[in-house]
Amino acid sequence: MIIDDQHYDLIIVGTGAGGGTLIHKLAPTGKKILVLERGNFLPKENENWNAGEVFKKGRYHTREQWYDISGEPFRPQTNYWVGGNTKVYGAALLRMREKDFEKVQHQDGISPEWSLKYQDFEPYYTEAEKLYSVHGKQGDDPTEPPRSEDYPYPPISHEARMQQICDAISHHGLHPGYLPLGLRLNESDGSQSLCIRCKTCDGFPCKIDGKADAEVSGVVPALEFPNVTLKTDAKVVRLHTSPSGREVKAVEAEIAGQSYLFFSDIVVLACGAVNSAALLLRSPNEKHPTGLANSSDQVGRNFMKHLLSAVVQLTPTPNSAVFQKTIYVHDFYWGDSDFEYPMGHIQNTGSILQDMIPAEAPPLLSLLSRFIPEFGLQQLATRTIGWWLQTEDLPDSNNRVRVQGSKLHLDYTPNNVEAHDRLIYHWTEVLKAIDKTTKSSVLPLSIYPYSNTPIRVVAHQSGTCRFGEDPTTSVLDLNCRTHDVDNLYIVDGSFFPSSSAVSPALTIMANALRVGEHLISRLN
């Protein structure tokens, strides 16, 4: 064991949406900060934009194995790099709706009330949108919450084919909006723009730093401050407490095959909802026999990851759009006249490329692609439009992270399934109505295959260490400090009591900024 001779004011573990944002917030304080990241900087290489490498081979996903509820191993689609999962995210940065913070009745159960409400997060949403260069437009979406300021950047414009679809959606009485995106884009002056609106954005790393991820927007600017130290390839394996168990005294990490101990006054975890919970469960001691900060037996429980489906619109009209991910629809977010319960969120995916179809397409389309020659596959790709459909899954104490020996188990059974199926049905009917207005003899019938994401897709992970005022039913207090350990905080998606139906990324970022203000007060 190598003992680091430095003592830090604060150690942050992880550099994703939560950790990377917090580092940026705290760097100007002058406090001595150590950042431990289990990955390294993602290399800028041609493979960044190669669909075969990214989707078929999973080049940038971890190689480790987790285990599902049946004990079967799987390779999770999670990413250990500086910037975490934001290195390959689609940069869709939406605020949760006001009602999402309240108790909401779903068909399958209750989405619980948050102890803090939308107005408590609103100023931090505004701050996060500025930090992550969010482009958007208010006023189109009837579910949009109130804002203290407009978006910091104008909306990303629709390309011609997407504008045509947007107009058709509006013609059918719906309210499509410009999808809020975190891109380093200047459409009015290309010389000032890092983003080039390419076809390899959603799910790909950006080799030109055009995407506003946690590395380029959070970590890299913070490293300009001499008080911030980043150690990469540093996997934290255990937290050690004082004899009383009331404070973390040391962080144990593996670096280049050696074990190191690092010491600080405050420790903040930002490893992602799965790995932060797993780290606590891997750190039991005499005072915390079932895992650190787990007197409530809630660590690892209430894991959520959204019900996610990809719907492919195979249309008679060729799709010439390069950057397609600009539309979202919330007309079914809270239900409709035939179904009084929430259904969820709809948005475009990025371009569906030829090499993505066999690996990522819905089963029908993937099967069809095996019998189509390469030229035909290319033609198929040019006639597709992808849609993501997201429905809130409800917290369930049996959906949980468990650790057995060296194995990480993710027990997960989807719930709220009928609401999601209804969303798929309603959206497919909308797409059929749109395509009926397009006359073409190339494909007399439009096709709408879809696929549900398997357990290995954990991009929207949340829950596992929920925050709240009651230490018997929550792991964290309202400042995201653990109830049981005075100097231990968590700022990733673990703190969510419920998941809403929008991506958790912006809420994680906003919360990190909120907790950052508390930590600044405490450090001072």
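## An aromatic pair and its cluster

Trp114 and Phe121 are both buried, meaning under 20% relative accessible area, where over 50% is exposed and anything in between is partly exposed (1.4 Å probe, protein chains only). This is a predicted model, so local features need pLDDT of at least 70 and side-chain atom pairs count only at pLDDT 80 or more, while totals for chains, interfaces and linings use all residues. Residues are numbered from 1 along each chain as its sequence is written, and side-chain values use heavy atoms, with hydrogens and water left out.

Rings of Phe, Tyr and Trp (its six-membered ring) pair if their centres lie within 6.5 Å; planes under 30 degrees apart are stacked, over 60 edge-to-face, and the rest tilted. That rule gives 20 aromatic pairs. With ring centres 5.9 Å apart and planes at 80 degrees, Trp114 and Phe121 make an edge-to-face pair. They also belong to one aromatic cluster, along with Phe101, Tyr118, Tyr125, Phe467, Phe495 and Phe496.

## Helix 5

Helices here are DSSP runs (H or I, at least four residues), as are strands (E, at least two), numbered from the N terminus. Helix 5 covers residues 214-222, and seven of its nine residues are buried. Among them are Val216, Val219 and Ala222. The buried residues pack against helix 1 (17-26), helix 3 (118-131) and strand 10 (228-231).

Look for Asp108 in the loop between strand 5 (104-106) and strand 6 (109-111). At 47% relative accessibility, Asp108 counts as partly exposed.

Asn416 is 308 residues away along the chain, yet its C-alpha atom is 5.0 Å from that of Asp108. The side chain of Asp108 reaches the backbone nitrogen of Asn416 at 2.6 Å. Leaving aside residues up to four places away in sequence, Asp108 touches Leu394, Asn415, Asn416 and Val417 (contact means heavy atoms within 4.5 Å).

Key. A polar contact is a pair of N or O atoms within 3.5 Å; within protein, one must be able to donate a hydrogen and the other to accept it, and residues adjacent in sequence count only if both atoms are side-chain atoms.
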